[in-house]
Every structure is written in structure tokens, then in C-alpha cells.
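Here are a few exercises to work through with the viewer open. Try each task before you read its solution.

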Amino acid sequence: MQAVRTSKFRHIFGDRNVKSYNGVPISKNAHEQDFCSVNPKFVAVVAEQIGGGAFFVFRTDKVGGVDTGSCKISKHNGAVYDIRWNPFNDNLIGSACDDGLIRLWNITDEKGVEPNHEPVQTLKGHGKRVGGLLWHPS
């Protein structure tokens, strides 16, 4: 006669009230960098988009779907490979792209980024794609 072993986890129940961001089309580009960047105010995620690169910026105090407190930045001509927040300014993010450009964006606390907003600075001079982005520590 075989004994049935009872589970030691039978009295544990998970919390279904999980705070998350739903409906984010995460990029499928295979590259060495991370596809998200987080600071105390915002979460940024590289998104899948046809015809150019894009990324979403979400406020950390507002969770839910893509339309809840989020903004989409889609000014690159190629795929976005890396995004990084400035370690000294929580409202400044840089994006590195396949088109050889690094663009710096100012994200406001109230509105995020306006749809026709231009980057604060565009760094040119890279002959090939820019696969990684890091801020200087000083």
C-alpha cells in the first residue's frame, strides 16, 4: 500500500493584489543590455515598435495599464538598445539606439513627456549602433 504524501504548502495562500504594469509591449531585440531602468520616481521599459525605437516611462506611484500615468517616447529611427536614468537627476534619462544616436530626455513629474517633445540633447558621432549607455559617476 502506497502512502500519499501531503504538501507542506497546503495552508499557504498568495496575495492576488499585486501592483503591476499591464499591456506593455516589451522589446524582443536580443542584445546584451537590460530592457528596463528604474529610479525612485519612474520605471522605463524598452518597447516593441515597428518603424523605429520606443520606450515607455511609468510613474512608480501609479500602477495599472499602459495608459495609466505612462508616456511613450518614440523619436528614434532604429531599435532602442539601452536606457539609463541619470544617477544625479531623477528626471533625466538617456536612450541608446541602433541609429547611432544617444538622446537625453527630461521627464517632468506632472506630465511626463509631451507627444511632440524633442530631446534635451542628442549626442552624435557614433559610426555604428550604440549598444550600451552608462553615466559617468562624477
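**Exercise 1: The core**

Task: Find the residues with the most contacts inside the largest nonpolar core of this predicted model.

Solution: The largest nonpolar core holds 14 residues, and those with the most contacts inside it are Ala44, Phe55, Val57, Ile83, Trp85, Ile93 and Ile107. Next, look at which strands contribute: β3 (42–47), β4 (53–59), β6 (70–76) and β7 (80–85) each supply at least two residues of this core. Now pick out Trp85. Setting aside neighbours within four places in sequence, its contacts include Ala44, Val57, Ile93 and Ile107, and also Trp135.

**Exercise 2: The overall fold**

Solution: Then turn to burial: of the 138 residues, 38% are buried. Finally, consider contacts between residues at least 6 apart in sequence; 46% of these join residues at least 24 apart.

**Exercise 3: A sheet, strand by strand**

Task: In what order do the four strands of the open sheet lie, and is their pairing parallel or antiparallel?

Solution: The order is β7-β8-β9-β10, with antiparallel pairing. At the edges are β7 and β10 (121–123), each of which pairs on one side only. Neighbouring strands of this sheet are turned by 20 degrees against each other on average, direction ignored. Now zoom in on one pair: β7 and β8 (residues 92–97) run antiparallel and are joined by five bridges. Within that pair, Ile83 has Ser95 of β8 as its bridge partner. Ile83 also belongs to the core residues listed in the opening exercise.

Conventions:
Residues numbered from 1 in each chain as written. Predicted model: local features only at pLDDT ≥ 70, side-chain atom pairs only at ≥ 80, totals over all residues. Heavy atoms only, no water. Core = buried A, V, L, I, M, F, W, Y, C linked by side-chain atoms within 4.5 Å. Buried < 20%, exposed > 50% of the residue type's maximum accessible area, 1.4 Å probe, protein only. Contact = heavy atoms within 4.5 Å. Pairing = 2+ DSSP bridges. Axes fitted to C-alpha atoms, helices over the stretch in contact; angles between N-to-C directions.
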